[in-house]
Amino acid sequence: MQNIVTDGIILKRKNYAEADRILDIYTNNLGKISAIAKGSRKLTSKKSGHLELGNVVQFDLIPGKNMFIIAGAKIKDRHQFIDLKQMKALFLWLEIVDTLIHHNEPCNQTFDLACKGLIAASQINDRPMQSALVELKLYDLLGYRMNLNECLIGGESLVEGRQCFLSMHKGGLVCELHKDEDASIKASVNIIKILRLVHFGNWDILDRLHACADVINELREIVEGQRHYIVGKKLKSEM
Ligand SMILES: [Zn+2]
């Protein structure tokens, strides 16, 4: 069988046998796959430095019986994850992608977003809003689009100035009267505008977006709410 060359992000690594590693990789052409890197834990291995979490790597893969065999690996993009905040953002992003992306379902758009999430994690100190935007866009792409027009329950129009809430359970905006007590988060006019941009705007616009600390905190709360609703629990990297 022929080798397959594809870009990929390493989501998870575990040691195997004496000197091997098994990797879960989210690839552009094959979707999420498992692959073995033989001898990669040997100090002399040329591959080992390239197989770090957070790198975008061009892989040369041989289809094997149970999993792919990594024949070559070349770094395409390397981002800096130096401090604790960057590392935490990276691990969270990798876990989100690993949890929500199924095996063998390639999608260029989702893969590009997964790569953008790496950049956002590495820039979390200077551009704290970007990681939340990338995460919201991922949920949007995966089919968890929130309804942002009228109240989902009563159908009242939610004109500016009226207090709105986001209900994760119902999947969108509700008015004060129809919010459910335990699972609704207050949503300001600015937040609703940002969420609409996530749904309908392209990435060039989102990439230039800035907001004050209050709005960023509000956005974080919403993205966390959506994450916990979709995944059904807190992720390990959040503990
Ligand atoms: Zn209502």
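Helices (H or I, at least four residues) and strands (E, at least two) are DSSP runs, numbered from the N terminus. The model described here is predicted, and local features were considered at pLDDT of at least 70, side-chain atom pairs only at pLDDT 80 or more, while totals for chains, interfaces and linings use all residues. Residues are numbered from 1 along each chain as its sequence is written.

The protein chain is divided into domain 1, residues 4-77, and domain 2, residues 127-145 + 177-238; these bounds come from an automatic or database domain assignment. The centres of domain 1 and domain 2, taken over C-alpha atoms, lie 32 Å apart.

Pairing of strands was examined next, two strands being paired if DSSP finds at least two bridges between them. Strand β4 (residues 56-62) pairs with β5 in the antiparallel sense, and 7 bridges connect them. Within this pair, Leu-61 stands opposite Ile-70 of β5. β4 and β5 form a hairpin, with 5 residues between the two strands. Strand β5 (residues 68-77) is also joined to strand β3 (residues 31-37), here by 2 bridges, and these two strands run parallel. The bridge partner of Ile-36 is Ile-69 in β5.

An open sheet of 3 strands was found with the order β7-β6-β8 and antiparallel pairing. Its edge strands are β7 (172-175) and β8 (184-187), each of which pairs on one side only. The twist averages 40° from one strand to the next, where axes are lines fitted to C-alpha atoms, for helices over the stretch in contact, and angles run from 0 to 180 degrees between N-to-C directions. Strand β6 (residues 164-167) and β7 run antiparallel and are joined by 4 bridges. Phe-165 has Val-174 in β7 as its bridge partner. In a regular strand, side chains alternate between the two faces of the sheet.

Two loop residues have a positive phi. Ala-17 lies in the loop between β1 (4-16) and β2 (20-27), and its phi is about 50° although the residue is not a glycine. For burial, a residue is buried if 20 or more other C-beta atoms lie within 10 Å of its own, exposed if 12 or fewer, and partly exposed in between, with C-beta atoms placed from the backbone. Ala-17 counts as exposed because it has 11 C-beta neighbours inside 10 Å. Asn-104 is located in the loop between α1 (84-100) and α2 (108-122). Its phi is near 55°, a positive value in a residue other than glycine. With 9 other C-beta atoms within 10 Å, Asn-104 is therefore exposed.
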